[in-house]
Amino acid sequence: MEFSELIKTATVESVLLSCAGQPAVKGTLCITSHHLLLSSCPGGDGQPSAVELWLLIRNVDAVEKRVQNVGWYQPPRSSGSPRDTRLAGSSGTITLRCKDLKVLQLEIPGMEECLNIASSIEALSSVDSVMMMYPFFHRPQSLRLEEGWPLLPVEQYFQQIATQTTQWRLSDVNQDFATCPTYPPAVIVPAAVSEETLRRAARFRQGGRFPVLSYYHARNGTVMLRSGQPLTGPNRKRCPEDEMLLGSVLDEGERGFIIDTRSAQMAKQARMTGGGTEPKSSYPQWKRLHRPLERGRPLQESFIKLVEACNDASLGMDRWLGRLESCRWLSHVKAALSTACLAAQCLDREESSVLVHGAEGTDTTLLVTALAQVILEPGCRTLKGFQGLLEREWIQAGHPFHLRCARSAYSHARLKQEAPLFLLFLDCVWQLSRQFPFSLEFSEGLLLTLFDNAYASDYGTFLCNNEKERCLCKVKESTHSLWAWLDQPEERKKYLNPLYSPNPLVIWPSVEPQSIQLWQGFFFRWIRSSQYLDEAWAEIWRLVESSNTPVKESTENRLSRSLSDPTTRMENER
């Protein structure tokens, strides 16, 4: 397929671009294989020059078109010639609803041009071939292709924990992706378990996702594992190798917890279709806890309803609160944080190891394990540590980004496998940053950038559904890494929190309903101007850079003093 075949009209003059909160701009609209560009008319009519739209077409979620006919006329005709009725004037309006929730409006002179432009954008935004996407063509001059791709983040993490324990080892049982197609080539497993045991256990878990180490809690040596559901089925099948694998994690007399992200009823229904849960009789040291988390269609519909409510300027207070409650998005945020806190509590306070799984183990499982690590581990709250966490627990762990992030909140297409699990994770991290404003090194801007790039990106970091697909598509050899771009000094500064002060403690968030707030910086970022907030942060940065005693240093001093006060310490550890 050639991109030129999808572009019916490449250039249109005198197009008027409108966007909420911005002055309208008239200029020349151009369509390329991956971008929509509008170059404004320089000067004249009071318009500023050098105003451009540079929109990645992959970012377009929905295209809405409306054609307006101005009138008809009949030109003079000679005797015997057929009647000729022509359109005296026409124009069209195209509304582009983007995956990052921005809404753009294009007024295009000419009905045919309008329809052609709309058709071209729809066709280009629907290209589903990974290797035809823009990251395979993007070549920024400041980066080299090999930069930024982590040198096997699982191996790097193993090197960290290998200095603290000898009970775990790095296994290459999945080197050729034959054992589990959605796991990376290397995984961390109990040292006492053989490769053959792992292969047999994989056949007993959905998708081959046998239990692997997600997090080692250095304070007490407990661990968090993740997996797919066991395939016990209606006949309650057993797998001695799976039982041995989980048994090897616990010493005699120790207990562990299995956090199942499905309801007990859903888990029971899954058993009738071949799935199931770990029976107590076969796993006597493990106690099962059900904490249902929504995924799939219910979560996507919740996202859609919230965005619709945020865009409805006619709502009064009562109707707004009603719509906010009925969409249930904040309830999903609360449930995710509560479950992550439960996992963290089992590890840190109960001193018990944890296994997390739902059904496939690629969605709510990763949501819980990643959030729990942000709560427990100070290293995951740094910019570099957070990038490593995303690599290990989302990208390499097999979250299907290509499927889940195919459409955002505006798409008119029938829902298939879309679900904003990653957005829910980012929202939960934002809740943590709001409750602990000094404890995360990165700012809200990083969370917004991560969402944008998960749905439409210049970089290959979030492409495909798992490491096997990335290897087949040669993503690391052919695209640039988002991390390489963000780690450039001039870019990195944009995503740092000027108030950051390293906090060695576990950060226990409040999950009371009154403590969960709507993420306005995300849901209202194109609706409400952030000018004054941006100016305030710029002033804080100016003070940090100009002061001999930086804000960061002074907050560290205040924090260390507060930790000596038992009352404040108790409040911080609530």
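The lining of the second largest cavity is made up of 10 nonpolar, 2 polar and 3 charged residues. This cavity has a volume of about 120 Å³, and keep in mind that the model is a predicted one.

**Second largest cavity**
- Of its 15 lining residues, Val 154, Leu 213, Arg 226, Arg 392 and Glu 393 sit closest to the centre.
- Helix 2, strand 9 (187–190), strand 10 and helix 10 each give two or more residues to this lining.

**Largest cavity**
- The volume here is about 290 Å³, and among the 26 lining residues, Arg 58, Met 133, Tyr 455, Ala 456 and Leu 463 are the closest to the centre.
- Helix 13 gives the most to this lining, with 3 residues.
- By class, the lining has 19 nonpolar, 6 polar and 1 charged residues.

**Second largest pocket**
- This pocket has a volume of about 500 Å³ and is lined by 23 residues, with Gln 160, Lys 384, Gly 385, Gly 388 and Arg 392 nearest its centre.
- Helix 10 supplies the largest share of the lining, 7 residues.
- The lining splits into 10 nonpolar, 8 polar and 5 charged residues.

**Helix 3 meets helix 4**
- Helix 3 (residues 195–202) packs against helix 4 (residues 240–247) at an angle of about 115°, with axes 8 Å apart.

Key:
Residues are numbered from 1 along each chain as its sequence is written. This is a predicted model: local features need pLDDT of at least 70, side-chain atom pairs count only at pLDDT 80 or more; totals for chains, interfaces and linings use all residues. Side-chain values use heavy atoms; hydrogens and water are left out. Axes are lines fitted to C-alpha atoms, for helices over the stretch in contact, and angles run from 0 to 180 degrees between N-to-C directions. Helices (H or I, at least four residues) and strands (E, at least two) are DSSP runs, numbered from the N terminus. On a 1 Å grid over the protein atoms alone, a cavity is a set of points where a 1.4 Å probe fits but cannot get out, and a pocket is an open set with protein on both sides within 12 Å along at least five of seven lines; lining residues have an atom within 4 Å of a point. Grid points are joined across faces, edges and corners, and a volume is the space filled by probe spheres set on the points. Ala, Val, Leu, Ile, Met, Phe, Trp, Tyr, Cys and Pro count as nonpolar, Asp, Glu, Lys and Arg as charged, and the others, Gly among them, as polar.
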